[in-house]
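Work through each task before reading its solution.

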Amino acid sequence: MAAQVNPSVATRVPVVKNSTADKLLVAAGELMIERNSVEISLSDIAQKSGVNAALVKYHFGNKDGLLLALLERDASHEMTHLEFLLAQPLSPTTKMKLHIAGIIKAYHQFPYLNRLIHYLLHGSNRDAADEVTKFFVGPLLDFHRKLIAEGIAAGEFRNVDPVLFYTTLIGACDHLFFGRQTMMRAAGVGPVTDEVCRAYIGHIEQIVLGGLLTRRSDRTSRS
C-alpha cells in the first residue's frame, strides 16, 4: 500500500525530486549505518553531504521532516507492493515467504530502518508519529491481518494474533542488524553479508512458518 500523506501536517513527508535534498537523505542514511545509531545531528548531516544545514528547513521543514522523508524513501518499495502481493494468484504460504524475504532484504539494505521508525514514533513530535503510523505501521499491520485471514480460510495457517505476529517478524528482522555488533563481540561472527542475509531469510521462514502453518499445509510445503 502506498504512503498516504496528510498535506496539513507540518512535518509531512515531501516528494524529493531535488538533488540537494537527495544529498541530505543519502548523508543521513550513510551516517546511521556508519554509527549504528539514529542519533545524528543536522550539523553531522550537513558536513557529510556538503550541504548547508539551513537547507534542511527549506527542503524538509525540520529534522523530523528529513527523517520522515528518509523513511518513506527506504520503505516505499516494500510498502507499495503489499496490496500487489495480496492480489497475486499464489498460496498464502508462498506470499508469506515472499513477504519475509522482502522485509529482511529491506533491513539488510537499510539496517537502521526499525530504529528510525521507533525514534519517530516515540519522539516528542506527535505529527511525525502520526505520519509513520499512517504510511508504515498501519498498512503493514493491515497486510498481516489480511494475509493471515487468507491463510486461515485456506486451511494453511493457524489462528494467530496479527499484532503479535507483526511484533515477532519485525523484531526478528531488526535484531539481526541492531544486535550484530553485540554478536560480533560475543560470538565472533562477522558482519551481515549477502550470504548471511540469505541464510537468515531461510531461518526466519522456518521459525515463523513453523509456528504459523497448520500440520496439513506443513506437510504440503515439504512435499
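**Exercise 1. Determine the order of the secondary-structure elements along the protein chain.**

Solution. Read from the N terminus, the elements of the protein chain run α-α-α-α-α-α-α-α-α-α-α-α. The totals are 12 helices and 0 strands. Here helices (H or I, at least four residues) and strands (E, at least two) are DSSP runs, numbered from the N terminus. The model is predicted: local features need pLDDT of at least 70, side-chain atom pairs count only at pLDDT 80 or more, and totals for chains, interfaces and linings use all residues. Residues are numbered from 1 along each chain as its sequence is written, and side-chain values use heavy atoms, with hydrogens and water left out.

**Exercise 2. State what share of the protein chain is buried, and describe its accessible surface and its contacts.**

Solution. Step one concerns burial: 45% of the 223 residues count as buried. Buried means under 20% relative accessible area, exposed over 50%, and partly exposed in between (1.4 Å probe, protein chains only). Step two concerns the surface: the accessible area of the protein chain is about 11,500 Å², and carbon and sulfur atoms hold 54% of that area. These areas come from the Shrake-Rupley method with a 1.4 Å probe; for residues, only the protein chains shown count as cover. Step three concerns contacts, meaning heavy atoms within 4.5 Å. Among the contacts with a separation of 6 or more, 72% join residues 24 or more positions apart.

**Exercise 3. Identify which residues of the largest nonpolar core touch the most other members.**

Solution. A nonpolar core is a set of buried Ala, Val, Leu, Ile, Met, Phe, Trp, Tyr and Cys residues joined through side-chain atoms within 4.5 Å. The largest one has 64 residues, of which Leu66, Leu71, Leu116 and Phe136 touch the most other members. Helix α8 (residues 126-153) gives the most to this core, with 10 residues. Beyond its neighbours within four places in sequence, Leu116 is in contact with Met32, Val38, Leu67, Leu70 and Leu71.

**Exercise 4. Characterise the packing of α1 against α2.**

Solution. Two packed helices are described by the angle between their axes and the distance between the axes. Axes are lines fitted to C-alpha atoms, for helices over the stretch in contact, and angles run from 0 to 180 degrees between N-to-C directions. For α1 (residues 19-35) and α2 (residues 42-49), the axes come within 8 Å and cross at roughly 110°. That makes α1 roughly perpendicular to α2, given that angles under 35 degrees count as roughly parallel, over 145 as roughly antiparallel, 65 to 115 as roughly perpendicular and the rest as oblique.

Next, list the partners. Lys23, Leu24, Ala27, Ala28, Glu30, Leu31, Glu34 and Arg35 of α1 meet Asp44, Ile45, Lys48 and Ser49 of α2. These residues divide into 5 nonpolar, 1 polar and 6 charged. In this count, Ala, Val, Leu, Ile, Met, Phe, Trp, Tyr, Cys and Pro are nonpolar, Asp, Glu, Lys and Arg charged, and the others, Gly among them, polar.

Finally, examine Asp44 of α2. Not counting residues up to four places away in sequence, Asp44 touches Leu31 and Arg35.

**Exercise 5. Describe the phi angle of Asn36.**

Solution. Asn36 is placed in the loop between α1 and α2. Its phi is near 55°, a positive value in a residue other than glycine. Most residues other than glycine have a negative phi. With 27% relative accessibility, Asn36 counts as partly exposed.
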